[in-house]
Amino acid sequence: MTMKEEFKRIRHEYGKKELLESDINSNPFEQFKIWFSEAVEQNLPDVNAMCLSTVSSNGRPSSRILLLKEFDENGFCFFTNYNSKKGKELENNPFASLVFFWPELERQIRIEGKIEMLNAKKSDTYFNERPVGSRTAAAISPQSKVIANRDELDKMVMEFIEKHGENFARPDFWGGYKLVPDLFEFWQGRKNRLNDRIEYKIEKNSWIHRRLAP
Ligand SMILES: Cc1cc2nc3c(=O)[nH]c(=O)nc-3n(C[C@H](O)[C@H](O)[C@H](O)COP(=O)(O)O)c2cc1C
């Protein structure tokens, strides 16, 4: 089969659910909570995986998957290396977007807003809860920098373990960020691509929602 034929075959008709104004919560954080809980109940793999997009100082976007670790009425938290590509981009331009896609539920959520660094105490708490292997990786890895080969990485791990063992503090180049949203969009796949899209925006200090054309 040619690649063109393969693509022709990949065609999914949506239509398991609907998203109507009568069913949604007027608070987008509550609506997120409802959809996130439904996704968790389905035991979806990596249900908290989301695409984070950042923009460089010369306007070039870049995207990668991260894990959402916490959310509440204030924002959506994730943890990473502050010196990474995303860290540098966020330092220059704090605006970013998140996308969740749960294909089993035929749902996508887009979130846009401004990023803040979490305070040291919150980052410490999360860092100290992680298994020692993940803490070590965070501490040794110069995330997004070029390294010579796999051996170099393994050597850095071994040397770090020899020197520090299992008990060490969070390095200050690693920690959390919070995206504080000013826009949400909830997308539900529908038949014939006539999908439901509800966008929430802040107007005069309160959230309003409107339907967008598919
Ligand atoms: C499922 C999945 C989860 C990930 N979770 C994280 C995460 O929580 N934090 C992180 O720094 N990188 C995570 N990564 C790796 C990032 O996608 C990315 O490779 C890394 O953060 C470097 O990105 P940057 O060079 O754009 O800064 C994850 C990747 C995948 C595929």
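Rings of Phe, Tyr and Trp, the last by its six-membered ring, pair if their centres lie within 6.5 Å; planes under 30 degrees apart count as stacked, over 60 as edge-to-face and the rest as tilted. By that rule, a search of the whole structure gives 25 aromatic pairs. One of them joins W35 and F186, edge-to-face, with 5.4 Å between centres and 85 degrees between the planes. This pair links distant parts of the chain, 151 residues apart: W35 belongs to helix α2, residues 28-41, and F186 to strand β7, residues 174-188. Helices (H or I, at least four residues) and strands (E, at least two) are DSSP runs, numbered from the N terminus.

A word on the source. This is a predicted model, where local features need pLDDT of at least 70 and side-chain atom pairs count only at pLDDT 80 or more, while totals for chains, interfaces and linings use all residues. Residues are numbered from 1 along each chain as its sequence is written, and side-chain values use heavy atoms, with hydrogens and water left out.

Which atoms of I65 lie 2.7 Å from a ligand oxygen? A backbone N or O atom does. For S144, a polar side-chain atom is 2.6 Å from an oxygen atom of the ligand. An N or O atom in the side chain of S84 is 3.3 Å from a ligand oxygen. Polar contacts are pairs of N or O atoms within 3.5 Å.

Methods: Polar contact = N/O pair within 3.5 Å; in protein donor to acceptor, adjacent residues only side chain to side chain.
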